[in-house]
Amino acid sequence: MLRKLLVASLGMAALQTGWAASDPRSLMGYTEGAQVIRVPVETGQVDVLNGVIYAQWKSTRSVRQMQMSLLVPRTNDLKPAIVYFPGGGFTSAEHDKYIEMRMALAQAGFVVAACEYRTVPNTFPAPLQDAKAAVRYLREHAQEYGIDPQRIGALGDSAGGYVAQLLGTTGEERRFDKGSFLDKSSAVQAVVTLYGISDLRNIGAGLPERLQKVHESPAVTEALLLNGPAFASFAGASVQSAPEKALDASSMGHLQGKKPPFLIFHGSADTHVSPVQSAQLYAGLIAGGNQASYVLVEGANHGDLSWFQKPIIERVVLWYREVLGAPLKKAGKAADDKANL
């Protein structure tokens with residue numbers, strides 16, 4: 001039975017790839033009964049580099065090392081890069097998530113850097129400082145990873161979308177650049193954001209009143225990001241208590257001047273982050289004469305399986321290819337001949 005299954009499996013492979021054109025009996029390793037197929041090489045390899053330290057922040061008694069994971073297509077091409085920031089409600093930044101999107105981008109020829117960033121109890125602008133440090137790191141090490149430093153895009157979902165949007169809208173605002181490689185620009189040339197947050201002041205806009213009330217609490221995570229937790233003589237504060245501070249900590253507060261192209265996604269059934277967040281960002285970018293596209297996904301909720309489907313992923317990949325361009329052929333060092341051992 002096992003032999004029949006094996007033969008059937010190999011037979012399917014033969015149908016898909018085609019029998020070898022040469023006389024199989026001339027092949028080394030051939031024996032009577034062997035199934036001989038030829039497999040066309042249509043895709044390249046992608047190398048994974050985990051635990052890369054892109055920045056470190058020192059305090060009185062500790063050093064916080066910030067990590068990124070890199071997907072690097074094994075080519076000598078000059079490749080555009082995408083910096084991915086994960087969602088996590090401002091309380092976590094599990095950067096190795098969304099592998100479906102990241103692998104699709106890597107297989108399309110992009111270097112993809114998935115970055116953790118500081119979350120609550122750290123306060124703004126810590127996440128943005130991390131994002132800018134990650135971009136500067138990639139420019140500093142562009143030659144090492146085969147990156148074209150003139151073509152770096154940002155990608156994020158939910159709170160990660162908030163970070164990606166801020167990265168795109170703050171551009172060359174140097175007050176948010178802290179840490180190493182300060183001679184390098186932290187501006188990006190394209191932004192994709194999925195159900196992101198554009199204004200901390202109205203995350204619940206348009207949602208039922210009971211959900212809007214959550215966002216008025218001094219304990220909600222965006223309030224902790226903005227003001228910090230209650231401690232000692234500080235009783236905590238809501239976002240609404242500091243509207244100017246909240247606007248400065250939001251992409252809607254940084255729409256002056258030219259911005260990179262944006263591709264904005266949101267689900268019409270999102271009850272965590274109101275679709276108003278994406279609609280107002282899109283309107284603000286267009287009003288400023290910027291290039292922006294807004295895709296409202298009917299019936300999609302916050303982070304549900306809609307966002308892992310081919311129509312979403314392929315649209316993102318195609319958009320980046322159109323805006324940032326394809327990898328450029330160039331001469332480079334020979335591939336590591338032991339890399340596949």
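**Ground rules**

The model is predicted: local features need pLDDT of at least 70, side-chain atom pairs count only at pLDDT 80 or more, and totals for chains, interfaces and linings use all residues. Residues are numbered from 1 along each chain as its sequence is written, and side-chain values use heavy atoms, without hydrogens or water.

**Whole chain**

Select the protein chain. It holds ten helices and eight strands. Both are DSSP runs numbered from the N terminus: helices are H or I with at least four residues, strands are E with at least two. The C-alpha trace spans about 85 × 45 × 45 Å along its principal axes. Of the 341 residues, 48% count as buried. Buried means under 20% relative accessible area, exposed over 50%, and partly exposed in between, with a 1.4 Å probe and protein chains only. Among contacts with a separation of 6 or more, 73% join residues 24 or more positions apart. A contact means heavy atoms within 4.5 Å.

**The sheet**

Now show the strands. What is the strand order in the open sheet? The eight strands run β1-β2-β4-β3-β5-β6-β7-β8, with mixed pairing. Strands pair if DSSP finds at least two bridges between them. From one strand to the next, the twist averages 20 degrees.

Zoom to β3 (residues 79-85) and β4 (residues 111-115). They pair in the parallel sense over four bridges. Pick Ala81: its bridge partner in β4 is Val111.

**Helices on the sheet**

Axes are lines fitted to C-alpha atoms, for helices over the stretch in contact; angles run from 0 to 180 degrees between N-to-C directions.

**Aromatic pairs**

A search of the whole structure finds twelve aromatic pairs. Rings of Phe, Tyr and Trp (its six-membered ring) pair if their centres lie within 6.5 Å; planes under 30 degrees apart are stacked, over 60 edge-to-face, the rest tilted.

Select Tyr137 and Tyr145. Their ring centres are 6.5 Å apart and their planes are at 40 degrees, so the pair is tilted. Tyr137 is buried at 7% relative accessibility, and Tyr145 is buried at 6%.

Move to Phe265 and Trp307. Why is this pair edge-to-face? The planes meet at 85 degrees, with the centres 6.4 Å apart, so the pair is edge-to-face. Phe265 lies in strand β7 (residues 262-267), and Trp307 in the loop between β8 (292-297) and α10 (310-324), 42 residues apart. Both are buried.

Then select Tyr84, Tyr98 and Phe308, which form one aromatic cluster.

**His266**

Pick His266, in strand β7. Its relative accessible area is 0%, so His266 is buried. Its side chain makes a polar contact with the Asp270 side chain (3.2 Å). Such a contact is a pair of N or O atoms within 3.5 Å; within protein, one must be able to donate a hydrogen and the other to accept it, and residues adjacent in sequence count only if both atoms are side-chain atoms. Beyond neighbours within four places in sequence, His266 contacts residues including Tyr195, Ser274, Tyr294 and Trp307.
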